[in-house]
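Please examine the sequence and the structure before reading on.

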Amino acid sequence: MEIPMNNDPELSGKYLGTISADFVNAADTLKEASYQIRKAGFSYPIFAISKEVVPIGQLLIDKYSLQLEWNYFASFMDEFVQRELIAKEKVDDFVSAYKDPDEFCCLFVVDKEFTRFVFIPYPED
């Protein structure tokens, strides 16, 4: 399965609203998890988000615990390559598209008719 590296223009209305609303409540946890993943020696943290449970990474935030619409799963690029969610020949493209993890969160949005990487800025302190 090849995953496009850019944000889809279709993201704007349908997904961005619910993702942004949830993200505000999850951002501090995600930012800390991103730091811990990198501190542990894993590059390129990725947070899969889905309304259903997905077999990617470790469940970090259960949507019911914070009354959110999305579950958040912590992972990193190497797992995505191993699971062939990122093709080996696309790793360089992914790395060049990846934004500063101290400023942006890399979300992998998984929904019924939508699967896409999205970089969303952390809220300002």
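## A bent helix

Helix α1 (residues 16-39) spans only 29 Å between its end C-alpha atoms, whereas a straight helix of 24 residues would span 34 Å at 1.5 Å a residue. Helices here are DSSP runs of H or I with at least four residues, and strands are runs of E with at least two, numbered from the N terminus. The expected span is 1.5 Å times one less than the number of residues. A kink of about 60° is centred on A26 in α1; the bend is the angle between axes fitted to the seven residues ending at a residue and the seven starting there.

This is a predicted model, in which local features need pLDDT of at least 70 and side-chain atom pairs count only at pLDDT 80 or more, while totals for chains, interfaces and linings use all residues. Residues are numbered from 1 along each chain as its sequence is written, and side-chain values use heavy atoms, without hydrogens and water.

## Buried and exposed residues

The buried residues of α1 include F23, A26 and L30. Buried means under 20% relative accessible area, exposed over 50%, and partly exposed in between (1.4 Å probe, protein chains only). V24, also found in α1, counts as exposed because its relative accessibility is 57%.

## Aromatic pairs

The whole structure holds 10 aromatic pairs. Rings of Phe, Tyr and Trp (its six-membered ring) pair if their centres lie within 6.5 Å; planes under 30 degrees apart are stacked, over 60 edge-to-face, and the rest tilted. Y44 and Y98 form an edge-to-face pair, 4.9 Å centre to centre with 85° between the planes.
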